[in-house]
Amino acid sequence: MESFLTLEAAWEETMSRTAALGTEEVELMDAYGRFLGKKVTARLPFPAFDRSALDGYAVRAADLKDAPVTLRVLEEVGAGQVPTQVVGTGQATRIMTGAPIPVGADAIVRLEVTERVDGSHEAQTVPHVRILLTVAAGEAISRQGEDTPAGALLLEAGCQIGGAELAVLGANGVDRVTVYRRPRVGVIVSGAEVRPAGQSLEAGQVYDSNGPMLAGLIREQGGHPILYGQVGDDLEATARLVKKAAASCDLLLTTGGVSVGDYDLMRDAYVQAGGELLFWKVSMRPGTPVTYARVGATPVFGLSGNPAAAFINFVLLVQPVLRKLAGHAQPEHRPVKAMLDSQIDARVIGLDRFLRVNLIMQEAVLTAVLPTHSQKAGILTTLPHTDALLRIPGGTSVQHGQLVDVYPLQRGVHT
Ligand SMILES: Nc1nc2c(c(=O)[nH]1)N[C@H]1C(S)=C(S)[C@@H](COP(=O)(O)OP(=O)(O)OC[C@H]3O[C@@H](n4cnc5c(N)ncnc54)[C@H](O)[C@@H]3O)O[C@H]1N2
Ligand code: MOO
């Protein structure tokens, strides 16, 4: 009877051997997609000064209690300008959105409820405004520090920097950011039948889909892919390339050659490259023959050659390791419960099965829908439409309407 490591044991083995890489400082605009290396606190209060939230007039609210009233206009203050006059009783300052509040004023009246006064004798020389409605004190004033006071925690270490985080950093005038180093992830594709795009195919050959797929998946998880091309079924050449790639990468992935066929030499190649085999075969289908080793200090995953199996190996096993190396605060998978819309029997295989599913909301319930297409490990056109992997524990069957664990795919696009 063959023995298979549980997925949980494989996570324990791989994650306990993984630590975040070191940090480096980059310019704000180069921080996109990276993971913050240390927490960022506010240098300044935000907003930095009391400012108007509307175009209108800065007034003393008490002056308006018998509105309509007419006030004398002292000056006009735009955003970026500084008021020079104190607003006294019976006075107002014309103000624009974002401009600092003049001393003496305690509310802003929106322009739409005011009328310029130019009929009276005095108004021909000194501008006046008629305010039609009352306002409460504090109306339309954004207070200094109301978003964040100086010293407040803005972003935690380990958060991924996207547009929202860049806004927070930008508002604080942060120009350089400490981020985790981007993991260098090597990819070696094996198989004498595998050809790169652009060449013509001979009988029995296939185009390489694993290399491009892994390059994309690595980038989606914040890594920097390094493609070492393709090796045939030659032990010496494979071992040499594995050794060379492992020496200059933080993580190495190979595809193919991990099953029991005559040409499945990847495990031997790791050993010949000086590596140590840590596990082979995990209780997961597709992707059962996945292999984990160390060559020097570099972790190496031997993924299945079958494209969908390699995809599922990557998502379930490589992704958490890559995210941990990249500094992600929450690298592990967090499965969610979904209701199953069909009946599936996995008892016969005894291994945990992972099915590509769509997630939809059905009567306010998250529901896993099984596409009609085949779930075979060599079928790959379903991948772009897959929302999540549904897990059926080995030896069980799941019924229509039952709650099941699904692992949503994390498909952020990064450069
Ligand atoms: N007797 C047994 N045979 C197989 C077993 C088994 O337990 N006993 N396991 C099967 C399972 S499950 C899988 S998965 C595959 C895994 O095989 P390998 O990881 O060794 O992969 P290969 O044999 O090299 O290739 C499998 C398949 O995928 C195609 N391929 C490979 N690389 C690429 C690539 N870069 N781009 C596109 N397609 C690729 C390759 O041509 C094969 O068709 O083993 C089963 N057999
Ligand atoms: O485990 Mo294999 O990946 O089923 O096809």
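## A walk from the surface to the cavity

Start by selecting arginine 110: at 39% relative accessibility this residue counts as partly exposed, a class that sits between buried (under 20% relative accessible area) and exposed (over 50%), using a 1.4 Å probe and protein chains only. Before moving on, note that this is a predicted model, where local features need pLDDT of at least 70 and side-chain atom pairs count only at pLDDT 80 or more, while totals for chains, interfaces and linings use all residues. Residues are numbered from 1 along each chain as its sequence is written, chains are lettered from A and ligands numbered from 1 in the order in which they are written, and side-chain values use heavy atoms, with hydrogens and water left out.

**Stop one: salt bridges**

The term asks for a side-chain nitrogen of Lys or Arg within 4 Å of a carboxyl oxygen of Asp or Glu. Glutamate 112 is exposed, at 60% relative accessible area.

Now select glutamate 13 and arginine 17, whose side chains form a salt bridge at 2.8 Å, N to O. Glutamate 13 is partly exposed at 23%, and arginine 17 is partly exposed too, at 37%.

Lysine 337 lies in strand S21 (residues 336-340) and aspartate 405 in strand S27 (residues 403-408), so the pair ties together parts 68 residues apart in sequence. Strands here are DSSP runs of E with at least two residues, helices are runs of H or I with at least four, and both are numbered from the N terminus. Aspartate 405 is partly exposed, with 25% relative accessible area.

Then select Glu8, Asp352 and Arg391, which salt bridges with shared partners join into one network. The count of salt bridges comes to eleven.

**Stop two: the cavity**

Which helix gives the most to the lining of the largest cavity? Select H6 (307-325) and H3 (210-220), which each supply at least two lining residues; H6 gives the most, with four. A cavity is a set of points on a 1 Å grid over the protein atoms alone where a 1.4 Å probe fits but cannot get out, and lining residues have an atom within 4 Å of a point.

To see the lining, select residues including Leu217, Phe311, Phe314 and Arg411. About 50 Å³ of space lies inside, and one cavity of 30 Å³ or more is counted.

How values were computed: On a 1 Å grid over the protein atoms alone, a cavity is a set of points where a 1.4 Å probe fits but cannot get out, and a pocket is an open set with protein on both sides within 12 Å along at least five of seven lines; lining residues have an atom within 4 Å of a point. Grid points are joined across faces, edges and corners, and a volume is the space filled by probe spheres set on the points.
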